[in-house]
Amino acid sequence: MTDGPDFSFELAAFVRGLTYVAGVDEVGRGPLCGPVVAAAVRLDPARIPPGLNDSKKLTQARREALAAEIMAQADVAVAEASVEEIDRLNILQASHLAMCRAVAGLAQAPDHVLVDGNRLPRDLSLSAEAVVKGDARSQSIAAASIVAKVWRDRIMVDLAQQHPGYGWERNAGYPTKDHLEALRNLGVTPHHRRSFKPVHHILYQGQTISR
């Protein structure tokens, strides 16, 4: 058994007569701020970048290099769901919305989609299958996870320059000790997800204190 994802899910789809197969993954369900980002990637079977893996298992430098290769050699689309959409819909539905937007953004509509996770977005109207731990099992999903991670990290670095002190360039908005401390000391920014408990509690504490 090889270490890391392979192309077997894609090949199985080809055997069933499906020809344009894309992988989809999202990044950013856990952070307290920033958008959730999804990527859809259809790899060229003849030009698969070596070393594809779950983005969390790669160094930042390796992710950046692979993301550039994927963007150059594959059909790629990236999409977001905003903080407002996350607060209005909930994080799962917002993640699925971003996934659907990414699939819709591909240059050619896929005839099959491999979706990371255990459930399919209900608005995905084409042939699809959910692949649990897909970013560690399918090269197309791994490629999507890499692109989405690099894209979102860059967004958070940009936002960190606008809102210094929260450490977003390091923590990408996740609830690390330094982020939570900054949230208590500096307050809630427009980019924080108000439906997430730590943010919600600080907002309500603030309202209680100010009365």
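**Entry 1: Asn90**

I located Asn90 in the loop between helix 3 (83-89) and helix 4 (91-104); helices (H or I, at least four residues) and strands (E, at least two) are DSSP runs, numbered from the N terminus. The model is predicted, so I note that local features need pLDDT of at least 70 and side-chain atom pairs count only at pLDDT 80 or more, while totals for chains, interfaces and linings use all residues. Residues are numbered from 1 along each chain as its sequence is written, and side-chain values use heavy atoms, with hydrogens and water left out.

I looked up the backbone of Asn90 and found a positive phi of about 105°, although Asn90 is not a glycine. Most residues other than glycine have a negative phi. Asn90 is partly exposed, because its relative accessible area is 37% (buried means under 20% relative accessible area, exposed over 50%, partly exposed in between, with a 1.4 Å probe and protein chains only).

**Entry 2: Ala172**

I then turned to Ala172, a residue other than glycine whose phi is also positive, near 55°. Ala172 sits in the loop between helix 6 (168-171) and helix 7 (177-186). With a relative accessible area of 7%, Ala172 counts as buried.

**Entry 3: Leu58**

I placed Leu58 in the loop that runs between strand 2 (36-42) and helix 2 (60-73). Its relative accessibility is 14%, so Leu58 is buried. Which residues touch Leu58, leaving aside neighbours within four places in sequence? I found contacts (heavy atoms within 4.5 Å) with Gly51, Asn53, Arg63, Leu66 and Ile146. I also checked Leu58 against Ala172: the two are 114 residues apart along the chain, and their C-alpha atoms are separated by 16 Å.

**Entry 4: Cysteines**

I looked for disulfides, taken as pairs of cysteine sulfur atoms within 2.5 Å, and the count came to 0. Cys33 is buried because its relative accessible area is 0%. Cys100 is buried as well, at 16%.

**Entry 5: The chain**

I counted 8 helices and 5 strands, in the order α-β-β-α-β-α-α-β-β-α-α-α-α along the sequence. The radius of gyration is 18 Å, close to the 17 Å of the globule rule for 211 residues, so the chain is as compact as a globular protein of that length; the radius is taken over C-alpha atoms, and the rule is 2.2 Å times the number of residues to the power 0.38. I recorded 48% of the 211 residues as buried. Of the contacts between residues at least 6 apart in sequence, 64% join residues at least 24 apart.
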